[in-house]
Amino acid sequence: MIVKTFGIICLLIFLVLYKKSKAQELDYYDFAQTTSKEDDQVYHYTAKKLTIPIVFFSFGALCHTIPPLINLNRNTRDGVERSMSGKIHFDDYSQYLPAGMVYGLNFIGIKGRHNFEDRSLVYSTSTAISGLSVTLMKHALQRSRPDGSNGLSFPSGHTTTAFAAAHFLFREYQDQNKWLSLSGYPFAILTGVCRVLNNKHWVGDVVAGAGLGILSTEASYWLLPNTKKLFKKRVFRGLSLAPSYNYGQLGWAIHKQL
């Protein structure tokens with residue numbers, strides 16, 4: 001059921017991207033005026049870019065279906081219950097850190113691939129895709145959490161958000177500074193580890209979330225030439241993005257001058 005659901009989502013994304021590819025042959029001309037030829041590849045769908053997300057997600061799904069991997073889930077849960085006595089709160093914040101780094105680095109003058117408008121479109125699209133996918137899967141599959149608190153375990157939303165943000169950082173800085181572009185992944189991995197240590201997710205849940213997060217960001221770049229057409233530059237005039245903290249939750253606040 002998990003693999004089938006993910007397969008349907010991948011198929012829908014593929015069909016949309018394939019349909020748009022013909023239009024992009026004409027539409028891309030205007031968009032390409034603001035990008036270099038070296039940047040072009042990030043906006044095009046290739047089957048190769050699906051390899052890592054599919055491998056990660058498939059492994060996570062199989063952790064709920066194949067006996068040896070089911071045992072891996074259970075043994076990890078048992079070890080956590082024996083050794084952990086308190087809750088780790090770092091994962092509530094670390095999931096957003098890589099995205100915050102993109103805006104922070106640009107703020108201090110270390111420019112990435114895109115300007116504020118385009119990178120905000122990329123991140124917003126990625127967040128929408130990942131958020132919708134996670135919500136649909138959680139409620140459709142109803143996998144019980146390791147602590148038994150509810151049936152919304154698969155996939156891990158925190159991990160999906162973290163890897164979507166880490167891959168966003170990677171794509172923005174992979175040509176400017178390779179090591180800097182990779183710096184978001186340790187935070188994403190740590191987020192997944194914390195979800196397991198907090199007994200909120202099985203190992204398979206966080207691995208699947210990693211794959212889903214990466215795929216969401218890849219799709220957001222493929223769709224950028226089209227999503228950009230939906231927003232005029234005047235929409236972003238007077239727009240600012242800043243971290244927010246409200247009732248114990250860290251997030252982002254968007255301010256628009258009228």
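## The largest cavity

Asn73, Thr76, Arg77, Val80, Pro146, Val196, Asn199, His201, Trp202 and Val203 line the largest cavity. A cavity here is a set of points, on a 1 Å grid over the protein atoms alone, where a 1.4 Å probe fits but cannot get out, and lining residues have an atom within 4 Å of a point. This is a predicted model, in which local features need pLDDT of at least 70 and side-chain atom pairs count only at pLDDT 80 or more, while totals for chains, interfaces and linings use all residues. Residues are numbered from 1 along each chain as its sequence is written, and side-chain values use heavy atoms, with hydrogens and water left out.

How many cavities of 30 Å³ or more are there? The count comes to two, and the largest cavity has a volume of about 40 Å³. That volume is the space filled by probe spheres set on the grid points, which are joined across faces, edges and corners. Helix α3 (residues 67-83) gives the most to the lining of the largest cavity, with four residues. By class, this lining has five nonpolar, four polar and one charged residues. For these classes, Ala, Val, Leu, Ile, Met, Phe, Trp, Tyr, Cys and Pro count as nonpolar, Asp, Glu, Lys and Arg as charged, and the others, Gly among them, as polar.

## Tryptophan 202

One of the lining residues, Trp202, deserves a look of its own. Tryptophan 202 lies in the loop between α9 and α10 (203-227). With a relative accessible area of 12%, tryptophan 202 is buried (buried means under 20%, exposed over 50%, partly exposed in between, with a 1.4 Å probe and protein chains only).

Which residues does tryptophan 202 touch, leaving aside its neighbours within four places in sequence? Its contacts (heavy atoms within 4.5 Å) are His64, Asn73, Arg74, Arg77, Ser144, Arg145, Pro146, Ser153 and Val196. As for serine 144, its C-alpha atom is separated from that of tryptophan 202 by 9.4 Å, and the two residues are 58 residues apart along the chain.

## The fold as a whole

Stepping back, the protein has 10 helices and two strands. Helices (H or I, at least four residues) and strands (E, at least two) are DSSP runs, numbered from the N terminus. Reading from the N terminus, the order of elements is α-α-α-α-α-α-α-α-α-α-β-β.

Of the 258 residues, 46% count as buried. Among contacts with a separation of 6 or more, 72% come from residues 24 or more positions apart.

## Aromatic pairs

A search of the whole structure turns up five aromatic pairs. Rings of Phe, Tyr and Trp (its six-membered ring) pair if their centres lie within 6.5 Å; planes under 30 degrees apart count as stacked, over 60 as edge-to-face and the rest as tilted. In one of the pairs, the rings of phenylalanine 57 and phenylalanine 154 have centres 5.6 Å apart and planes at 75 degrees, so the pair is edge-to-face. Phenylalanine 57 belongs to helix α2 (residues 51-62) and phenylalanine 154 to the loop between α6 (116-141) and α7 (157-173), so the pair ties together parts that are 97 residues apart in sequence. Phenylalanine 57 is buried, with a relative accessible area of 1%, and phenylalanine 154 is buried with a value of 1%.

Tyrosine 103 and phenylalanine 116 have ring centres 5.9 Å apart and planes at 70 degrees, so this pair is edge-to-face. The pair links distant parts of the chain, with tyrosine 103 in helix α5 (residues 97-107) and phenylalanine 116 in helix α6, 13 residues apart. Tyrosine 103 is buried at 11% relative accessible area, whereas phenylalanine 116 counts as partly exposed at 21%. Elsewhere, ring pairs link Phe163, Phe170 and Tyr185 into a cluster.

## Salt bridges

The structure holds six salt bridges, each a side-chain nitrogen of Lys or Arg within 4 Å of a carboxyl oxygen of Asp or Glu. Arginine 77, one of the cavity-lining residues, forms a salt bridge with aspartate 78, the closest N and O atoms being 2.9 Å apart. Aspartate 78 is partly exposed, with a relative accessible area of 28%.

Aspartate 91 forms a salt bridge with arginine 195, with the closest N and O atoms 2.8 Å apart. Aspartate 91 lies in helix α4 (residues 91-94) and arginine 195 in helix α9 (residues 185-197), so the pair ties together parts that are 104 residues apart in sequence. Both aspartate 91 and arginine 195 are buried. Arginine 113 and aspartate 175 meet through their side chains in a salt bridge of 2.9 Å, N to O. Arginine 113 sits in the loop between α5 and α6 and aspartate 175 in the loop between α7 and α8 (178-182), so this pair ties together parts that are 62 residues apart in sequence. Arginine 113 counts as buried, at 13% relative accessibility.

Terms used. On a 1 Å grid over the protein atoms alone, a cavity is a set of points where a 1.4 Å probe fits but cannot get out, and a pocket is an open set with protein on both sides within 12 Å along at least five of seven lines; lining residues have an atom within 4 Å of a point.
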